[in-house]
Amino acid sequence: MAKKEYAFYPGCSSQLRGSASNYLTSVNSMCEALDIKMTQIPDWNCCGASIGYAGSGELSRHVLNARNFALAETHLPGQDVVATCAACWLGARETKEKLDASSQLMAETNEALKEAGLRYQAKVGVRHMVEVLIEDIGYEGMAQPIVKPLEGVRIAGYVGCQTNRPFGIAGESFENPMYLDKLVETLGAEPLVKYEQKVTCCGGALAFSEPEKSQKQIKDIVESAYDHKADLIVTPCPLCQANVEIYQSEINKRHGTKLDMPVAYYSQLMAVAYGATPKAAGLDGHVIQPKKLQDIAVKVVPKK
Amino acid sequence: MADLKTAAYVCGGCGIAERLDTGQLALIAEREGKMNLVRRHPFLCSAEGVAQIQGDIDAEGVTHVAIAACSRRAKTEAFQFPAVAVSRANLREGVIWVRPANDEAREATQEMAGDYVRMACAELKNMKLPSGHAETGRNRRVLVVGGGVSGMTAALEAARAGYAALIVEKGAALGGWASKLHRRTPFREPFHDPVDTGVAGLIEAIEAEPRIKVHLNTTLTQTGGAPGRFSVRLTNASGVSWVEDAGAIVQATGFTPYDASRLTEFSYGSSPNIVDQAGLEELARAAGGRALRRPSDGGSVKKVVFVQCAGQRDDSGRHLPFCSGHCCGTSIKQAMYFKDADPAVNTVVIYTDLRTPGSGEDFYRSAQAKGVTFTKGTVTGVEANDRQCRVSFRDLILAEDAVIADADIVVLATGQVPNSGVDIEQPERQDANGVQPISILNLSYRQGKDLPQLRHGFSDSHFICFPYETRRTGIYTAGPVRRPMDIAQATEDATGAALKAIQAIENAQLGRAAHPRSGDLSYPIVRLEGCTQCKRCTVECPFGAIDEDERTYPVFNESRCRRCGTCMGACPVRVISFENYSVDTVGAQIKAVEIPDESEAKPRILVLACENDAYPALDMAAMQRRDYSAFVRVIPVRCLGSVNAIWVTDALNGGWDGIMLMGCKHGDDYQCHFVKGSELASVRMSKIDDTLKQLALESERVATYEVAITDLARVPQLIDDYIKVIERIGLSPMKGFA
Amino acid sequence: MGAPNELNLAALAKYSNDFLREVEANVEEGEWVKMCMQCGVCAGSCPFGPDWEHSPQKIFMMIRAGKRQEVLTSDSMWMCTSCYNCVVRCPRKLPITQIMHGLATYAHRLGLAPKMQPTYQWSLQFWDNCTRTGRVNELKLTLGLYFKEGFVAGVKKAWALRGIGFGLLRAKRLNPFELIRGHECKDKAGIHRMLKKAQEIEARRLKIPQFKTEG
Amino acid sequence: MPELVATEQTILVVGGGISGMTAALEAAECGKQVILVESSATLGGRTALLYRYFPKLCHPTCGLEINLRRIKASRNIRVYTLAEVTRIDGRSGDYTVSLKLTPRYVNASCTACGDCAKAVAATIPNPWNYGLDRITAAYLPHAMAYPQRFVIDPSIIGTPEADKAKAACRYGAVDLEMKEETLTLKAAAVIWATGWKPYDAAKIQPYGYGRFKNVITSVEFERLADPHGPTGGRIVRPSDGKEAKDVAFIQCAGSRDENHLRHCSRICCMASLKQTRFMREAFGEAAQSTIYYIDIRAIDRFEDFYKQVQADPHVRFIKSKVARIEEDRASADPVLHGVDTEGYLRYANRHDLAVLAIGMEPSVRGSAIPATLGEDSSGFLVPALDGAAIFGAGCATNALDVNRAVQSSTAAALRAIQVVNRSARAET
């Protein structure tokens, strides 16, 4: 089939040497296996994130996102802007919908963009990598490249907030989205469909400013995974991944718990299932080692 | 009855033949039932079985048919023989479906079936096919009392169906309450803005309608007669009085706003800036679409506060306890008067529950979109100085006491007090406004001048499924006199009332009963020569159908009668009967049953069951194959109110061991379809003790029960428990004396 | 009881639409506030609900009641984690998250936001950090957060969280070189001009003094 | 009922629930010829599936019995069950209507003796109990079913089960050869009384209906309380059959919600108030009901009933739209999360059972109404403005309680009669 091409918007955390750089690594391996061509939007900028609001105000936020759109329109015409980060996707999509709806906002935005010598023509589509996988590749398509089914791995699908609300993945429910479970099943692992904390908020950006409150959330998220005898948690969001993984040690200090639950990206599961090395799957980027995945990743299987 | 020819048909279907000796049953019909013609059939409701019966009717001249098969509630299409009298012996639901299919049960079960055949034959021989009353009222005009939206709608809708209508309005003009409004709330999408009241349109339509006559400044000074022949004396302002005829009456006398000056806590009257909803409509009409001004000094209005449930939903006993339904919508509409004229005006609606059901929710949203502020709170006080008002309230969301001190206008959402005339139960009672009501209909009925009222003075029907069934046949109420309502509902309600009026006219003309025995052609026949003028029938008739003449003999008005038979049950000398339902049709059944002597130790229990609820409950118990004792014999009655004491005494004298009376719930939430029937019956039966004493019998021998149609599990239990009681007190000593 | 002329001005402002109109004019999605029907589903849906003083629905009621000061100085808006639970559940489809952010922004612009509210500070720092180069410098951002209460406090906090820090370093997810030369966009100047312009335009539209970006 | 030849004088009533039956009867008892069409196997509609009515707590089957007796006695009404209107052509006073008759596989010879049901082993989810239990595939819909005639479920047609039913019937009433038929008839006016259906509770995701066993709808609760229902009237939890003595009633489940039904369904508040009485009836002093509400809409005289329930110490009122329900893993108890907005009090309340006071969705959409007949944004029928003689009645036109539905249908009957009389006058 023809190569699928997208304007890639990795976002600050997932870029090279970013806190979620291993997400980027695994996405690259995954896309290679699925024959997807991701071209970074040249000189893309930060989306402002949901936490930037105090300083930004509405228009600046839209302008930041519109700049990326404009760049994509110019350099990667006809390609959808695809974000891997939940916040980037949410911010970008919100901007797109607001500008599409309001000619005034659109005019103001372009007035500001002119200062950077750019113009947004409202042509781009904005999507999350997960949407690309489900809608353009499909579960069967995702099953194709599997060489190492993730047999016997019990995985809690933690969707979190921003890939799920307010926009969400088409056809999924806000309260009980199933796509991670379906994906996990597709990869030959065991989805824990009754996992209650699927869409619980991890505290998001407030993990920094309100650690106690956020860690209370994270504690629930991880403990419920233990209750369901999960080997690891999978998530589509870099902030969720970071919060839920790295604060477990803090929670242990604070609450005397012994949390040690690996948290991986869906793209890592796929990369491993597609036969990527631990490094190519970004498995070296974890504070809590996803052993089950590493074991499978190092297994050698006869080339197809 | 010269050419009476009886025939009995015993069906063997549905297992009857397997479980019962139908040969013996046929023999009973022939020998004891004295049927001229007796046939057995394996499947009587089949086309061919039915054809046989019809054949006998046509060829043999059969006039009376006893069908021994299933319940009278089953196979009604098949067993419909309109030209002959029909009785049914319930061998299926009444016998084999409530009895175990084993040998030890067989004998008692067969006896049960035998008796039901005897009873069907006995009943049949005492029945006549109702012929319908000869003289029926034929007036086809609808008289409408009240010229408001409800009244005008009722008249117009009747006229559009081709019936003449006569509107009697006590005021000087048509339009009623709605004509005092600036705008009304919308009936149909979009529910965004207040719309024209439509009153002018209605009045035009009425003036253009040749079938409608209008009398203004006129009241009803006497109303007599019955459906099809009402005779109404009208008197106008100048004292001129004349008589008009009508076939049916719609009472649409509306409501009076609750008197806001009773709301001292809200200082109504202390300032022109405190108004009720009616007062605000006046201001709005005066402003005619321009911005409303402050009444006290004509100053511009910056803030308006709406106080919901003012003197409504009241627990103190000082004001209206109910909710008037329309007021939330009305305040929303009135807030829009201000917002639409000047969005800068602040309008605050203080409510406890905002009640905008159905699409009213859209109207609520629209008001919010226009900037009307809604605050959940309870208002504790309103005060005013010469310019502004001060509203103190508890903000229930912010959980704090709050004050709005700069209101230019305060609107009190007061409720509706129905104009339902005199409370016939307590004629001296004042209405909620402290006014002594004057009669509206001035009925010349034995039982009072106006329609019976329900809680809070509304003249509503008590029935949920039958909202138009008042206790005065042919007189229907419509609009806020029935229950609190808005214009949309009143319009719908009036249209429905017009239909009921038309229906009453059509029924009266054909001598047919109205709901719930719709179409029944039987009617009470009285042998006046035997009457002792005791007045029980005239007093007890739930529908006020019976008047008294100057010698206090009962005067029956068939088309007012609902055929419940309460008069028949009340009559101590048994001179009242229906052609197909009488003291004899039931009495004969009681006598027809074979009473075994003591030695056999087989009690016989008579069950008189209301045909509307208790009897269906027994049927449904049978459909679920719930067994009960074979010692009972069930006779369905039109209403427990029709049970005449003689049936009880006859049964006791005849050696029956006990009597169960099963009627509907009575009291405040009565379920009796004839309103008072079951209640009257229980009163009568409480007096039966004397009879029992005279006969030296235990009081347990007669028991009264309230049975609901869903009591399919309870009824068999009641029966079996009662059998135990009888076994405890022993068989009746009266056996053998009969 | 007193006649209106004896009443203080605060009371007079009560339950007028003045503040509501101010919010509609100046706050992102502010025109939705009047549509709330006080069902409380937002209040029950918020993950940090137990920790803040006023639920969104209550804030909306306070706005209608004219409680300008209480609303704008409230710390509640700053507790929003942007989880959007309230938004998807609201039976009136209010964009509550955006309104909360909008109120926070507005409070900041008027200088009424609670100065010591950690998320307030964090939000400002984030914006400052990401707009400086066009991309977030995560290390500076984190350290900046640690040291915002002064050097000693910062060292303490960094020490307390050293486990995490070293863990991330080991996992190559925290990059020391960012201190010297972090991620940045090529057209920094363009981005700055563009954002400056955006803020001018917004200030112009909202008719409020353009606020200074801190730091 | 006599065979009727439909004419330009006939009134067609679509829908055999309380509204349709009322419209048909009121017109028939004015002397008009009526054809009553019902898509299911029996008359009765939704109200036949209610245990008691508010505010009297009387039994819907009681009024149904009267209405059925009126229909049995009427010479003017012809009833078609398992029949659907597929097409309406023509204009006021002269409509041609196509009816699709779905086979019942049981003919008029059926005596309702029940032998076929005894013979058949296959079962289906009981539609008359909202699938809370199962019935044999040869069944009488319910004890009040009219016509009182069994139905062979299509699912067993062509299987040995169906042959068993046929073999068991001694009256040749089981006819497996029945085919779908189409019928064309004339009518002067049409009354559209297709009623409502409960809103799909699974769409209200935060409440977990379908995911959590002990979250049910108010209409299902009604079946639990009914002696004719799946539990014979015992109020028990679906998860473990334990008595549900502590029940949460959640108002506006789907109603007053831009994400679901925009309108207020009117009856739900009253239904929940009523159901708290069922709780007391079943458990006396042990009963505990909690009503979570936004506004209690006990409109007009229903206020009396609201006051009665408020006075009951075993009923608690919390002004709050419940945010979400979580299921306790061990006990399967529903735990309700939300905030009491009167003073902002946060709660996490555990109950035995949660009952969603489910909204009323008009069953008009998708039916064969001519385009001239509009629907509003909530899907309710709006009166045609072009003089069409197709009149809405009952809950097809608005969210109504029984009393109002009957008023509406009685009014609709008159509107239809006006058309008939007009064309009659035109002819003479």
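**Group meeting: a walk through the four-chain model**

Let's start where chains B and D meet: 71 residues of chain B are in contact with 64 residues of chain D, contact being C-beta atoms, placed from the backbone, within 7 Å of each other. On the chain B side, the elements giving two or more residues are α5 (149–160), α9 (360–369), α10 and α14 (614–623). Helices here are DSSP runs of H or I with at least four residues, strands are runs of E with at least two, and both are numbered from the N terminus. The top contributor to that side is α10(B), with 10 residues. By residue type, the chain B side splits into 32 nonpolar, 21 polar and 18 charged. Of the 5 pairs of chains that touch, B and D have the most contacts.

Some housekeeping before I go on. This is a predicted model, where local features need pLDDT of at least 70, side-chain atom pairs count only at pLDDT 80 or more, and totals for chains, interfaces and linings use all residues. Residues are numbered from 1 along each chain as its sequence is written, while chains are lettered from A and ligands numbered from 1 in the order in which they are written.

Back to chain B. Its C-alpha trace spans about 100 × 60 × 50 Å along the principal axes, and it holds 18 helices and 29 strands. Of its 738 residues, 62% are buried. Buried means 20 or more other C-beta atoms within 10 Å of the residue's own; 12 or fewer is exposed, in between is partly exposed, and the C-beta atoms are placed from the backbone. Take the contacts in chain B with a separation of 6 or more: 71% of them join residues 24 or more positions apart.

One hairpin in chain B is worth a look. Strands β8 (218–224) and β9 (230–236) of chain B run antiparallel, joined by 6 bridges. B:G224 sits opposite B:S231 in β9(B). There are 5 residues between the two strands, and B:G225 has a positive phi near 100°.

Now, which residues touch the most other members of the largest nonpolar core? They are B:A68, B:V142 and D:I191, in a core of 567 residues. The largest share of this core, 12 residues, is from helix α10 (487–510) of chain B. A nonpolar core is a set of buried Ala, Val, Leu, Ile, Met, Phe, Trp, Tyr and Cys residues joined through C-beta atoms within 7 Å. In soluble globular proteins, nonpolar side chains do tend to be buried together. Beyond its neighbours within four places in sequence, D:I191 has contacts that include D:I11, D:V13, D:F391 and D:A416.

That takes us to chain D. Its assignment gives domain 1 (11–102 + 180–195 + 363–427), domain 2 (115–168) and domain 3 (199–360), with bounds from an automatic or database domain assignment. The C-alpha centres of domains 1 and 2 of chain D are 27 Å apart. Where those two meet, 11 residues of domain 1 are in contact with 8 of domain 2, and the domain 1 side divides into 6 nonpolar, 4 polar and 1 charged.

Why call helix α6(D) largely enclosed by the rest of the structure? Because 13 of its 17 residues are buried. The length of α6 (267–283) of chain D works out too: at 1.5 Å a residue, its 17 residues should span 24 Å, and the end C-alpha atoms are 24 Å apart. The expected span is 1.5 Å times one less than the number of residues. Just after α6(D), D:G284 takes a positive phi of about 55°.

Last stop, chains A and C. Here 51 residues of chain A are in contact with 54 of chain C, and α2(A) supplies the largest share of the chain A side, 10 residues. That side divides into 19 nonpolar, 21 polar and 11 charged. Chains A and B, on the other hand, do not touch, and their nearest C-alpha atoms are 20 Å apart.

Chain A also has an open sheet of 4 strands, in the order β6-β5-β7-β8, with parallel pairing. Two strands pair if DSSP finds at least two bridges between them. β6 (190–191) and β8 (263–265) of chain A are the edges, each pairing on one side only. Inside the sheet, 3 bridges join β5 (154–157) to β7 (232–235) of chain A, and A:I155 has A:L232 as its bridge partner in β7(A).

How values were computed: Nonpolar A, V, L, I, M, F, W, Y, C, P; charged D, E, K, R; others polar.
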